[in-house]
Amino acid sequence: MKDRPSTNSDETSSNLEGEVDAIVEVLPGVSGPLKRRSKAEVASEDNRASLREEMHERKVKELRQMFDRHKGNRQLILLQDFPDPDALSSAWTYKLMAEKYDIQCEILYAGALSHQENIALVKLTGLPLQRWTLEMAKSKDLSAYKGCVFIDNQGTTCNLTEFILGAGIPIAAVIDHHSLQGEMNAEFTDLRPEIRATATIFTEYLQAGMLAFDSSISQHVKCATALMHGLRSDTNSLRQAQEEEFLAAAYLSRFYDPQLLNAVLQSSRSKWVMDAIERSLKHRIVQNNFSIAGIGYLRYDDRDSIPQAADFLVTEENVHTAVVYAIVHDKDEEIEVVIGSLRTNKLTLDPDEFIKEAFGQDAEGRFFGGGRSQAGGFEIPVGFLSGGNEDSDYARMKWEVFDAQIKQKLLDLVSPKDNPVYDH
């Protein structure tokens, strides 16, 4: 056997690296471990992480300062009219953090809790939530409150916003993960649309020492469970979670109660939700992988069946986006509103941009809807045409007009050259 020529190991290693780099360069779409990152890419990523950490530290400092200024005060925490687990858990966390500064908070919503999981969450954890209709708010003495707080919303989806601000109560804080809906004059603002859930933001506050959770304290365990549910619900069971959500979930895993969370998640669907799903299946049209369904009239208390129907439709084969809407009647306020929900699995579709482009703004420049990653919603007042539904023919004609208009707005974006609304 002939002796092999001796080689320098460093030279061999260098040649091998060059061959791998050459292969990577010619393979289309190669990424992951095989795709070696350049020093510039690594430095850029480290720089972004450093900037995020710096911004987070600054926000925590600003939040502490705001709490210091409000020591001994009372505040109102305003949620969207139909609060979800992300909003509920985040508001509870804010309330507990504020109590360390002798700040007493009331968590308010003006609409309804109709989603079975939301009802179960509030009942099983004892989450301190109050419903104030606009009429109830008008009968309250608001002089004791020195600030209001918007959590998981920016006031545009809260029926109490105009009245509370009109009463002269300043905005102490706005903490949200949705895109900016308009300028708000707040003492403290933390808006992070790149984050998947507001619960993630609040868990980061906890990790920064704003409140030390203790697994021996029942209230802390229940709040951690609510936050875990908030993370789960806004990330499609963590399937759409990012690094921040996984880190938050890892932290909460030390404190939450898995059995309690399981009890919340196992709450059964109501008859009204099943009816809404059935109607959405019956009336849906599918166009370019969009499923669009108008389901007629709904009671105000059953409004949460709309997003649940959208959640169901988006699971259909060859559908990546579902939109479900209805005319919702509020007997207390004697108004009707077209309410819709969007759910999507298409990563390149921005629900916030889609809904804003589809439905635009009202006369005061406020958008009728918006969204976050893979979900969105819209509310359009019926206005002068509200009511009169005792006459079945009138109610049918009114629905047909609104149904056709909503479909037209959506299909102009989905399939502008092939609009089935005009085909019959």
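**Helix packing and an aromatic cluster in a predicted model**

Phe-67, Tyr-94 and Tyr-101 are linked into a cluster by ring pairs, a pair being counted where the ring centres of Phe, Tyr or Trp (its six-membered ring) lie within 6.5 Å. The model is predicted, so that local features need pLDDT of at least 70 and side-chain atom pairs count only at pLDDT 80 or more, while totals for chains, interfaces and linings use all residues. Residues are numbered from 1 along each chain as its sequence is written, and side-chain values use heavy atoms, with hydrogens and water left out.

The structure holds 10 aromatic pairs. In the pair of Phe-67 and Tyr-94, the ring centres are 5.3 Å apart and the planes stand at 55°, so the pair is tilted; planes under 30 degrees apart count as stacked, those over 60 as edge-to-face and the rest as tilted. This pair links distant parts of the chain, as Phe-67 belongs to helix 2 (residues 39-69) and Tyr-94 to helix 3 (residues 85-99), 27 residues apart; helices (H or I, at least four residues) and strands (E, at least two) are DSSP runs, numbered from the N terminus. Phe-67 is buried, with a relative accessible area of 0%, and for Tyr-94, also buried, the value is 0%, where buried means under 20% relative accessible area, exposed over 50% and partly exposed in between (1.4 Å probe, protein chains only).

Tyr-94 also takes part in the packing of helix 3 against helix 7. Helix 3 and helix 7 (residues 198-207) pack at an angle of about 25°, with their axes 8 Å apart; axes are lines fitted to C-alpha atoms, for helices over the stretch in contact, and angles run from 0 to 180 degrees between N-to-C directions. The two helices, helix 3 and helix 7, are therefore roughly parallel to each other, a term for angles under 35 degrees, with those over 145 counting as roughly antiparallel, 65 to 115 as roughly perpendicular and the rest as oblique. The contact (heavy atoms within 4.5 Å) is made by residues including Ser-90, Thr-93 and Tyr-94 of helix 3 and Phe-202, Tyr-205 and Leu-206 of helix 7. The residues of the contact of helix 3 with helix 7 divide into 6 nonpolar, 4 polar and 1 charged; Ala, Val, Leu, Ile, Met, Phe, Trp, Tyr, Cys and Pro count as nonpolar, Asp, Glu, Lys and Arg as charged, and the others, Gly among them, as polar.

Leu-206 is also touched by Tyr-251, which, leaving aside its neighbours within four places in sequence, is in contact with Thr-203, Leu-206 and Gln-207. Tyr-251 lies in helix 9 (residues 243-252) and counts as buried at 10% relative accessibility.

Helix 4 is mostly covered, with 7 of its 10 residues buried, among them Gln-116, Ala-120 and Val-122. What covers the buried residues of helix 4 includes helix 3, helix 8 and strand 3 (129-131). Helix 4 is followed by Gly-126, whose phi is positive, near 70°.
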